[in-house]
Amino acid sequence: MPIPFDESRPIFQQIAERIEDDILNGTYAEEDQIISTTQFSRIFQINPATIVKGFGLLVNEDIIYKKRGLGMYVAVGAKEKIMAKRRERFYSDLVVKLLEEAEKLGMTTEDVIQMIKREKGEQRK
Amino acid sequence: MNKMKVQLQVSWLRMKLAIWILIAAIAVSVIANFTINMALGSDPQQDAQDIAAAVGELRELTGNNDLSIEVPSEMENVNVSSANMLLILLPLLAIILPLKTFRPMMNFGDSRRRYFAGLLGVYAVSAIILALVNSLWWPFEQNVIRTYSQTYNLIEVFDWEQFGFIGAFLYQTVFYFFVLTLFNLLFSGLKSPISWILWTVLIAAIPIGTSIASLRVHVADFFLALLFNDSLVSAIGLNLGLSLVWIAGAWLFTRRRTF
Amino acid sequence: MSSVLEVRQLSKSYGRTDAVDSLNMDLVEHTIYGLLGRNGAGKTTFLNMITGGIFPDGGEITVHGSPLKKGDVPAQTCYIREKNFYPGNARVRDVLQMASAFHPDWDAKFASKLLGTFKLNPRKKMRHLSRGMESMVGNLIGLASRAPLTIFDEPVLGLDVLMRERFYRTLIEDYAEHPRTILLSTHLIDEIATVVEQVFIMESGSILMQEEVEQIRERAHLVSGLGAVLDTFVQGRRVIHGERYGNAGMAIVYGDLTENDRKIAESQGLTVEGVPLQKFFAYLIEEGQTDE
């Protein structure tokens, strides 16, 4: 299996994001058991310690929790937490940068909004 | 499978080719010798009678009673005993094993100590087997082979018969072990400068020991005590004692031998 | 975590060249390590010393808590050499049988399963194997030995991509179930990047860097932008490599960048990106050389 990870960023962060994505898109519902460290390690050929570290990030944010001897489970309210977190990042990473770039190009905020509306309108057709 | 068994297997794999070639060569020479003798109808006693008869006839014909026929020695058909030819294995074993089994054993994860002990075990067993083969071959050689061919055997040459079957077997065993451990010493430390000195001394010792008359006596005495000893106990003592010296030397090389 | 290998001030020279120079290394239990370096960096000399094959000129080696004396070999260690010394006229299955005698934790069932995984014919003689298959026999022994310290020197030499992947996957799988200390020595970084936890970068007999792989991914940055601005930004930071083209330039910077650092960089028009590991290692080794 090819490594579907970006080699220039820490893998454990990408592992956490991957699990978050799976919770967002409904692969895992609340109280579902997620993939085990061993399985993840085998499928993606990644050192188990790295995966434990990635899962650790999610445990710290109360997105998943450990059931002793059973494995990792999706916490209640995990999806909301992820969405809140991602919305914040959406603002800082995308919106702010979008407007900065627009300014460089001499576009007003209104221009940008129009562009967004046009894009949405085309998609509706 | 235990480590000793591994060493035996590795030793066998390394020796296999040499052993088969040697056995094939001996077999070919035995068969060739046998067929030639059969074809020529050669029989040493018969030959001697034939020659004596021929000389008698010639004397009668010529009336010269001093007439005699000299048979050149190379015309006599004398061979080294086949069982003795197997003894070429002694140097072969003690050259090939230290050169070709150290690294494979180390590569498997063996320790130098255990490898060396195992190697000595292989030598001891080889000495016993070769001594036994020659001891068992000896009556056969006397009773069957000598009817058509003249042969030499160490047992006879060094007069080991005097000690009986068991005694001759023991004498052979310790002497073979002596040869094995000596070659093993020479081939255990080829990377070490001390080993080069040893080789130089040995190579120099042969001409010096034989050319200087005063030394020659001692050299001769030494070989007499080693090989022609009339006391079995002192022969075993001398052979084993020297073997221990060779073993100690080889161990000093082996414990510092690098991969 | 208990110590598995402790190396202090290890040195070895051949003539005037230092093959290994005052090298220190600590390995703890249940970790996979990578020993990276170019051919000739001294990796094999180092491995031969810690496994008792050759003797150091100076320094100390402690394996599983016991000092390694001159002439001894370490216990509970399996060292798979780059060039194997299995008898050429032995069959694969015999070699496995023989190897099992030296490893108390040997798993025979696992070994015969691996024969299938690695597509090895147990009846074939060693001398009839290709270079890659030969490597695989060694790798199989290393895995099946389950030795608490297992060392592989260039394990994927002569293997095609498929077999390399298969080896690393098997290694990871078995490691997850039977944790132990594994040291992978290689000059091929790509494949072990996700397999190992920590790396030692070796060059000219010394360790240039010892770091967790994930740390390196976090700390290695490629900063590019206008030369003058770049110069002020990288001042006081560890610059592994720098290049200029016209007014612009780029620099590989090693170290933590705070959120604030990134904001400053961005506001000055600098771009900060991650660096692929093998690129980073290549630059690092080059830097180590120019230091000489």
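Predicted model: local features only at pLDDT ≥ 70, side-chain atom pairs only at ≥ 80, totals over all residues.

Student: First thing: how far apart are the nearest C-alpha atoms of chain A and chain B?

Tutor: They are 28 Å apart, and the two chains do not touch. Contact here means heavy atoms within 4.5 Å.

Student: Which chains share the most contacts, then?

Tutor: Chains B and C do, of the two pairs of chains in contact.

Student: OK, chain A. What's in it?

Tutor: Five helices and two strands. Along the sequence the pattern is α-α-α-β-β-α-α. Helices (H or I, at least four residues) and strands (E, at least two) are DSSP runs, numbered from the N terminus.

Student: What is the radius of gyration of chain A?

Tutor: 19 Å, whereas a compact globule of 125 residues would be near 14 Å. The value is taken over C-alpha atoms, and the globule rule is 2.2 Å times the number of residues to the power 0.38. The C-alpha atoms fill a box of roughly 55 × 30 × 30 Å along the principal axes.

Student: And how does chain A split into domains?

Tutor: Domain 1 is 11–76 and domain 2 is 79–124. The bounds come from an automatic or database domain assignment. Their centres, over C-alpha atoms, are 30 Å apart. Their contact takes 10 residues from domain 1 of chain A and eight residues from domain 2 of chain A.

Student: Switching to chain C. What order do the strands of the sheet take?

Tutor: β2-β1-β4-β5, four strands in an open, antiparallel sheet. Two strands pair if DSSP finds at least two bridges between them. β2 (17–28) and β5 (66–67) are the edge strands of chain C, each pairing on one side only.

Student: What joins β4 to β5 in chain C?

Tutor: Two bridges, with β4 being residues 58–63. In one bridge, C:Thr62 partners C:Pro67 of β5(C).

Student: Which helix packs on that sheet?

Tutor: Helix α1 (residues 43–50) of chain C, touching β1 (3–14), β2 and β4 of chain C. The direction of α1 makes about 120 degrees with that of β1(C). Axes are lines fitted to C-alpha atoms, for helices over the stretch in contact, and angles run from 0 to 180 degrees between N-to-C directions.

Definitions and conventions: Residues numbered from 1 in each chain as written. Chains lettered and ligands numbered in written order. Heavy atoms only, no water.
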